[in-house]
Amino acid sequence: MNPKEYALTCFAEEAMEVAHAAMKVLRFTENDSHTIGGPTNLENLQKEMNELFAMMEVLDGFDIHLCADERLIKQKRDRYSDYLDYSAKLGVVQNVSFG
């Protein structure tokens with residue numbers, strides 16, 4: 001494995017840790033902490049996001065530039081909205097106001 005591959009591996013690991021932290025928020029609420037005095041699930045999610053951002057900066061050094069693209073972001077937000085409405089119509093998601 002070369003340094004670029006190592007950086008990509010670490011980036012992928014951080015992305016999985018973000019997903020894991022998000023699932024903890026869903027399973028145990030934002031404000032729960034599994035250790036007394038430790039970070040809340042939401043604080044841990046924030047930490048993991050920042051570690052992912054750090055790896056994005058590392059990847060910049062390998063000419064892998066993962067920057068925000070407003071057009072792609074809008075497309076994703078539109079798909080999210082469409083699928084949220086669809087899931088609500090199926091009864092999977094509740095308390096959705098239809099626009």
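This is a predicted model: local features need pLDDT of at least 70, side-chain atom pairs count only at pLDDT 80 or more; totals for chains, interfaces and linings use all residues.
In which helix is the place of Asn41? Asn41 belongs to helix α2, where helices are DSSP runs of H or I of at least four residues, strands are E runs of at least two, and both are numbered from the N terminus. Residues are numbered from 1 along each chain as its sequence is written, and side-chain values rest on heavy atoms, with hydrogens and water left out.

Helix α2 spans residues 41-60, 20 residues in all, and extends 29 Å between its first and last C-alpha atoms, close to the expected 28 Å. The expected span is 1.5 Å times one less than the number of residues. Its buried residues are Asn41, Leu45, Glu48, Leu52, Met55 and Leu59. Viewed down the axis of α2, these buried residues fall within an arc of 75 degrees, so they line one face of the helix; the arc is taken over the directions from the helix axis to the C-beta atoms. Buried denotes under 20% relative accessible area, exposed over 50%, and partly exposed the range in between, for a 1.4 Å probe and protein chains only. The cover over the buried residues of α2 includes α1 (3-28).

Asn41 counts as buried because its relative accessibility is 8%. Neighbours within four places in sequence aside, Asn41 is in contact with Lys24, Val25, Phe28, Thr29, Glu30 and Asp32, contact meaning heavy atoms within 4.5 Å. Phe28 and Thr40 are separated by 12 residues in sequence and by 9.9 Å in space, C-alpha to C-alpha. Thr29, another partner of Asn41, is located in the loop between α1 and α2 and is partly exposed at 48% relative accessibility.

Most residues other than glycine have a negative phi. Thr29, however, has a positive phi near 80 degrees. A positive phi, near 60 degrees, is also found for Asn95, a residue of the segment after α3 (70-90). Asn95 counts as exposed, at 81% relative accessibility.

The largest nonpolar core comprises 11 residues, namely Ala7, Cys10, Phe11, Val18, Ala21, Val25, Leu45, Leu52, Met55, Leu59 and Ile64. Such a core is a set of buried Ala, Val, Leu, Ile, Met, Phe, Trp, Tyr and Cys residues joined through side-chain atoms within 4.5 Å. Two or more residues are given to this core by α1 and by α2, and the largest share, 6 residues, comes from α1. Ile64, a member of the core, touches Lys4, Leu8, Met56 and Leu59, residues up to four places away in sequence not being counted.

The largest pocket holds about 160 Å³ of space. A pocket is an open set of points on a 1 Å grid over the protein atoms alone, where a 1.4 Å probe fits, with protein on both sides within 12 Å along at least five of seven lines; lining residues have an atom within 4 Å of a point. Points are joined across faces, edges and corners, and the volume is the space filled by probe spheres set on them. The lining consists of Glu17, His20, Ala21, Lys24, His34, Pro39, Thr40, Asn41, Asn44 and Glu48. Helices α1 and α2 each supply at least two lining residues, the largest share, 4 residues, coming from α1.
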